[in-house]
Amino acid sequence: MDAQLFSDIGLGPRELSIYRALLALGPSSIRTIADRSGINRGTTYESLKQMQVQGIVTYLPKGKRRIFTAREPEVLLDLAEERRKRLDSAVDELKKRLIPELH
């Protein structure tokens, strides 16, 4: 897989490893995800929290544990579209307001 492409949409190597592990495993605990991805449990948990905010993973509480699930791969396209909209908006703001102000 093209790591630069995933980096462009905001997913680093850790997040990509975790996402791929989740796709292969299905709903899983943090420990299982960490073992499969080769990333320590604490880092896996922090990455999963970030990925949840991005909408890439979801979780369900199961007793005292959380079971994480990868969302469908099409969500990556949504993430790229959102990033493009923010960038287009920034370019428009630069053209209309900031560059003229700086002159």
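The stops below concern salt bridges and a nonpolar surface patch.

This is a predicted model, in which local features need pLDDT of at least 70 and side-chain atom pairs count only at pLDDT 80 or more, while totals for chains, interfaces and linings use all residues. Residues are numbered from 1 along each chain as its sequence is written, and side-chain values use heavy atoms, with hydrogens and water left out.

**First stop: helix α4**

Select residues 41-54, which form helix α4; helices here are DSSP runs of H or I with at least four residues, and they are numbered from the N terminus. Within this helix, display the side chains of E46 and K49, which lie three residues apart, about one turn of the helix. What joins E46 with K49? The two form a salt bridge, and their closest N and O atoms are 3.4 Å apart. A salt bridge is defined as a side-chain nitrogen of Lys or Arg within 4 Å of a carboxyl oxygen of Asp or Glu. By this rule, the count comes to six salt bridges.

Now consider the accessibility of this pair. E46 is partly exposed, with a relative accessible area of 43%, and K49 is partly exposed at 33%. The term means a value between the limits for buried (under 20% relative accessible area) and exposed (over 50%), with a 1.4 Å probe and protein chains only.

**Second stop: helix α5**

Next, select residues 74-102, which make up helix α5. Show E81 and R84, which are three residues apart in this helix, about one turn. Their side chains meet in a salt bridge of 2.6 Å, N to O. E81 has a relative accessible area of 30%, and R84 has one of 47%.

R86 is partly exposed at 46%, and E82 is partly exposed at 45%. Select E93, R97 and E101 as well: salt bridges that share partners join these residues into one network.

**Last stop: a nonpolar patch**

Which residues make the nonpolar surface patch of about 300 Å²? Select L94, I99 and L102, which together make this patch. Patches consist of residues with over 30% relative accessible area and no salt bridge; like charges are joined within 9 Å, and nonpolar side chains (Val, Leu, Ile, Met, Phe, Trp, Tyr) within 5 Å. Accessible areas come from the Shrake-Rupley method with a 1.4 Å probe, and for residues only the protein chains shown count as cover. Finally, centre the view on I99, which is placed in helix α5 and is partly exposed, with a relative accessible area of 39%.

Methods
Helices (H or I, at least four residues) and strands (E, at least two) are DSSP runs, numbered from the N terminus.
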